[in-house]
Structures are given as C-alpha cells and as structure tokens.
Amino acid sequence: MVAAAATRQMTYQQAVNEALQIAMREDPTVVLMGEDIAGGAMIDHLVNEDAWGGPMGVTKGLVQEFGRDRVLDTPITEAGFIGAAVGAAATGLRPVAELMFVDFFGCCMDQIFDQGAKLRYMFGGKANCPLVIRTMIGAGVSAAGQHSGCHYSVFTHMPGIKCVVPSTPADAKGLLLSAIRDDDLVMFFENKVLYATSGEVPEGNEGIPLGVADVKRPGDDVTIVAISRMVQQSLAAADALAADGIEAEVIDPRTLSPLDDETILNSVAKTHRLVIVDEDNPRCSAAADISAMVADKGFDTLDAPIKLVTAPHTPVPFSPPLEQFYVPSPDRIAAAVREIV
Amino acid sequence: MPTIVTMPKWGLTMTSGTVTGWSRQEGDPIAEGAPLLTVETEKAVDDVEAPASGILRKIVAEVGSEVPVMGAVAVITAPDEDLSDDDLAALVASAAPAAAAAGEVPRVAREARQAARDASGRVNASPAARKRAGELGIDLSTVEATGPGGRVTSEDVERAAAAAASAAAAPRAEMVELADGSHLYALLAGPTDAPETIVFLHGLGGSQSTWASVLGDFANTYRIAALDLPGHGASDKPDPSAFDYSVPTLAATVGEAIEKLELSPAVIVGHSMGGAVALQLALDRPKLVRALALIDSAGLGSEVSEDLLDNVEAEPSREEARKLLELFFENPRFILERGIDEMHAARSTPGADAAVKALAASAFSRSGQTIAYLDRLSELEQPVLIAWGELDRVLPSHHAVAAHTALPTSWLEIMEGIGHVPQVESAPALAALINRWLLSLPRP
C-alpha cells in the first residue's frame, strides 16, 4: 500500500509559481520570458525591491532566486519574444514564455503555428521545440473583449501543439511540470478567475501525465465533460442535481490535445448521457470536437442527444451582467442535464 | 439485532400459509434450526424452523391466522435485548413493505408512455436503445418510453426485456392440443432461456399438483413443465374403448406434447407410473430426453402393493381415498382431510376412474407388474437418477437397488424414513438431490 502523498493548501497561482520554481531548480535550461514577468526587479536601483511578477504576480519572486538571465522581461512585442522562444527551444533551452492574454495570439501565430508546431515534423524528428507558452484565458473579471477569451480550441485544432487546461491548483502544478519536461510545444492555459482558488497540492516534483483525464466527481446518471473553470461550475451543478437524485459524473479532460477519449467513452457507456461544458465559443470548438468523437465512437451507448453548454458565438462582453450571462453557469449546466436525464 | 420470522414459500403457487401451532410460547428460549411453528398449506403441514437463536419475543400470527408469503409471523431477540412494544410494532410493520419494495428504485421518477413515432412510423429510440433491443430481441414498437419527447432509452428496453422474461417465467397453464384432437394439461414456468428444461410426470391416479412443493425451487433457474397424463388431472379423459391407456401410448402422447411445447431435449422426472412412462419415452424417443430422474418408479421390479390394486379396483369413495394416502405416506401429518377430499374429487371426475383402472390393468396384475424395464436400462444413453423412499409400501425400495445394479452409472439415493411420495413427504431434500444431479450432468 502506497502512503498518501503529503499535500499543502495553496492557490492555483501559487501552484503555477511552485511548478516553475521546481522546474528551474532541477533544469538550468529552463528560462522564463515575457512582458513584465520580472517586473523591473533587480535593475540597478531596484535590486532589492519587491517586483510584480507579471500582471497577476504569478512569477513573483522567481527573478530574485534565478536572476535576470533566466527570468527575462521582454519588450511588448509578441512576434519578437515568442519567436525568440521558439528559436531558443530549437537550440537547447526549455523556455517558458508568457503570452499575457491568449487574445493576443494573432500577433505571434506564425511563430507558434507555422514554426514551433511544425519543427519536429518538417525536420524529420531531428529538431524539436520544448517550449511552453503560458497564457491567461477566461471571462469574469470585466477585462472586456480583448483580454477575456479562451481560444484553446484554436490551438487544439493545430497538429504539433499540446493543449493543457488545468482546473485545480494540484493539476496546475503537476501538468505544468510535465509540460516543461515535454519535448513538444505546449500551450498552457491558465484561467485568470481560478488564480485565487485554493486546494490541496501534492508536495514534491511529480508531474501529471499529459493526455490523462481526471474524474472529478463519480456518478451514474449523466456524464459532464467540463474544460478548465467549467469543471468548478459543473461540480456546483452536480451538487444541485444530486439534491434531486441525479448523480452526474464530472470529467476533466485536463488536456485537450492529446485527448483522453477512453475515459470519456467509458463514462458515457455507463451513463448513456453526455453534456459538454466549454467557456470557449461554440463553433469548431473543443466541445464540438469531443461531441463528434463520442457520436462516432460511442453512438450505440447514447440514450439522449449530446448537449453542449458553451459561450455564445460572440466576443466576451464588457458589461458585467452580460459577461455573467456569457459564461456557462451552474444553472445552465443543470438545466441541460435535466433536458436529457 | 432482532430477527423477524417470516412465512416461507414452499411451492410454486403458494401465496399464503396458515399457522397451525407453536412449539414455543412468548418468552421461551429457542435455538436456530429448532422447529418453531407448524404451517399448513394447500398441500401439506410442515415445520418452520427458527432462523436464529434467542428468545421468542413476540408471536405475531396466532394459531389459525393466514399469513401471506414473506409476511411476519414472529420476532426472535437476543436474550439480553431490550425492545419496547412500540419498537416491536415498528419492526413488524417494516417487514412487509421491505419485502414488497425489493425491486430497484428508479433514479428519477418518470412516467412511461407510448413511444413517439415520426410520420413514417419509425419509433423514437436512442442509439443505445436500438442496439440493446437488437441484442435482446425486443421489438421497439412494444416498449414504453420514459425519455424526453417520448424517446425509448436503453433502460426502457432493459425493463421491457425483464418484464417479458418474468412474464415468460411466471407459471401459466396450457392445454396442448394433440394430433388426435385431445388435450393435455401442462403447467409451465421458468425462464425460456434456462440451461435445462425439466418435464415432470406424475403417477397412477395423480396429477401435476403432486409436484407443487418442489416446482418452486426449480422455476427460478430452470424451465419447467408439469404434465397431466391422459385421463388424469385436467387433461382430457377419453373412454378406454377409444384410447389405449398403456405405458407405451402414454409415452408417445408425452413425446408429442414435448414436441408441441418445444421442450426437447428435456430432463424427465417421473414418479411411480410416470417413471415407467419416462423410461418408455427415453427408449422410444431418445432425442427428446436429455436425462432421466426416476422417483419410486414403476417398471423396475415385479412387486406391486396388493393394497394399491385393491384400491384401484374399488369404487371411488372418500374412505378409499384416505386408505390410498395412508398407503402413500409414512408421516401421518401429510394425510390431511383436504388432501383426501382432493384425491376423492379427482377420482370422481367423469372418466378419471375408468382411466386409472385401464392404466393399472395394462401395467399391473395380481401376480405383479407386467411392465419391465430392468433388462433394458443398459440401452439408455442418458444419465439416470434413481431416488426412492426407503419405506415405500407401493413399490419396494429394493427395486432401486436392482435398477442401480443393472445401471451402475446411475445415481442412487434411498431417502430414509420416507414412503412412496418423496416429492411431498420430503420435498426440500428431493429438490436438493435433483438439483445436485442436474448440476452434475455433462453440458451438451
């Protein structure tokens, strides 16, 4: 019998920070790059000052331990520093670049999609791109249409990119460790609304393998596949449904690429019903992709149509009431379940 | 932990029993397995043993009260267990509904309704329901829907299949029409996809009801058919001038019924004259018979009781019926007034007495049995069980030994202290024996 690993309570934000610290301690080729991630600390007169560590303070304290050679403040030019990160990855470093908001991906898509993601393929395996791009996603903090999208579906569509969508502090730490150790380009999507949420996180440096879904709540009556923050919304919906005798199984895929088809199909084979909850826009999305996969491989296990609960096909609104309406709520998730159970 | 003593289910058709006596009074100690009360059913009176050791705390069903199967009759507690009268009442009250609600509780209460159809008549059924219906051979148009919009779900199909199986397994009577236009009564029960089919054949002057106490044990697992032979029970009783009441003809009739009911190959359990019919059938139509269980069977020796022959020759009367039961049973508890009435009524049914006399005349004479299968046992290809009441006064138990000697591969069981009718006098033991033997049969 294996003793339960020791854990410590921390926030999602602290978990990301701890993973970066562990990775940088164990591997000197791990470097951080991004806008304001050192926050001006350790420049001449600011040597001993506290620093911001990015707009949310996620990288706070790392420049003090690892120095400015490994925690690089970059100019505000995504095309430049993401391109530099791809080049560094191709030539021996393991950069962790921070794309402040995923909405900015348009500025550096050639570097990501046409360069980094295709390196290994086009060089016949003689080159690779061990690059992690951390990026913030998610609506809910009134950051308006250009700082609130999810867009992980865009990257899931592209071959050569791994897409990680942690929903808890423990997953954030374990998945980021695995992402940094991975030899391919990994997009690591951090939901800004989750930063302040806390949970038990295992001590130590063990990674969580990419491509393994996690059953966040077992149940027999309906399967809810939820992505990123939608896991928390779905768990709240599941509690409300349980009061009416409906036991929902909540599955967190944790990575959209690779996708753990098997865990999802096995659950649907048990419950015969599937609701997919996704904060991203609905067209050509991860939710639509999972739905199609189950319709194909799990057709004969379904007792009801697959229901998708997603954001509408619009940008994220600034108006707080509209923004609240935009993000799938526990009520909407529960209503979708009740339609088919 | 108090133990509730409940009314047992002894027979296939038993729905209730009447308490006829208590061997203990409230407050008396009782040991597990000791006889606690006696219960009378349509067939017999028997002891109910204490299911636990302790103190007989409460008698719920007084002598004379009729209690449904599984209903509470008493409560046994541990010697030092303190139980208020209110607790007791609540306990007894809780027993009945608990038994009734044994089925699975649906997770969401939804009304079953007719499945929706589209304009072309295609039933609205989920992909999983269609697949399961195909696997289980269920016609979707017969399934009630609980899904939103009248959609049939896989659970609906499972429920319909279970209902169909339980309907098929429920006991039902059938009058089988034979080629000559006459009808044979068959009591059928058990799942149609059971691993074995068992056909029960009663003896001279009897009917399928002789098996009532053992059928219940088999119907849960096996497909069973208890037949009334021609001239017996509820089957047609043609006049002996128009029908040959001989063992070979009866065997041919039974074979025809087995084919009509699609029961073959069947394990045949035959008692007394039914055993001879079973033997004849196995020799004449071996493909219909998978195995043979011969219970106090005729045709395996020369002796036959003079008293039986006297009884057959006598005019039917209530007194003759009593004498016959006295000849059959060692334990006087089985000689019930109700049983005598039933026996007399059966024999007084038009055509029944003539049939009994004709059949007896074809098989027995004052110098002994005229049917003889002992020398032909070695021709049998089927596995054989020979079970006999040790004290049988109609057909002596040394016939069993002779049969086993002639067929050493057979199973032999002599049932200690039992008379001619083990299926009534020692029903649980005989059922257990047959069950063990069935499980030992080589798989086809």
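Helices, which need at least four residues, and strands, which need at least two, are DSSP runs numbered from the N terminus, and in this predicted model such labels place Pro258(A) in the loop between E12 and helix H9 (261-271) of chain A.

**Backbone features**

Most residues other than glycine have a negative phi, and most peptide bonds are trans. Against that background, the peptide bond that leads from Ser257(A) to Pro258(A) is cis, and the bond from Ser264(B) to Pro265(B) is cis as well. The table sets these two bonds side by side.

| Cis peptide bond | Omega | Place of the proline |

**Where the two chains meet**

The contact between the chains draws on 16 residues from chain A and 13 residues from chain B, and the area buried between them is about 1100 Å², with carbon and sulfur atoms giving 49% of it. Asp300(A), Asp303(A) and Val341(A) supply 44% of the area that chain A buries against chain B, which is more than any other three residues. By class, the side of chain A that touches chain B holds seven nonpolar, three polar and six charged residues. How many salt bridges are counted between chain A and chain B? The count is zero, while four residue pairs are found in polar contact across this interface, both residues of each pair being at pLDDT 80 or more.

**A salt bridge within chain A**

Over all chains the count comes to 49 salt bridges. One salt bridge joins the side chains of Asp171(A) and Arg254(A), at 3.1 Å from N to O. This pair links distant parts of the chain, 83 residues apart, since Asp171(A) sits in helix H7 (residues 169-181) of chain A and Arg254(A) in the loop between strand E11 (248-252) and strand E12 (255-257) of chain A.

**Two helices of chain B**

In chain B, the axes of helix H5 (residues 247-260) and helix H6 (residues 273-284) come within 8 Å and cross at roughly 70°. Because angles of 65 to 115 degrees count as roughly perpendicular, H5(B) is described as roughly perpendicular to H6(B). Among the residues that make the contact are Val247(B), Leu250(B) and Ile258(B) of H5(B), together with Met273(B), Val277(B) and Leu281(B) of H6(B). The residues of this contact divide into ten nonpolar, two polar and no charged.

Methods
Residues numbered from 1 in each chain as written. Chains lettered and ligands numbered in written order. Heavy atoms only, no water. Contact = heavy atoms within 4.5 Å. Buried area = accessible area lost by both parts, 1.4 Å probe. Salt bridge = Lys/Arg side-chain N within 4 Å of Asp/Glu carboxyl O. Polar contact = N/O pair within 3.5 Å; in protein donor to acceptor, adjacent residues only side chain to side chain. Nonpolar A, V, L, I, M, F, W, Y, C, P; charged D, E, K, R; others polar. Axes fitted to C-alpha atoms, helices over the stretch in contact; angles between N-to-C directions. Parallel < 35°, antiparallel > 145°, perpendicular 65-115°, else oblique.
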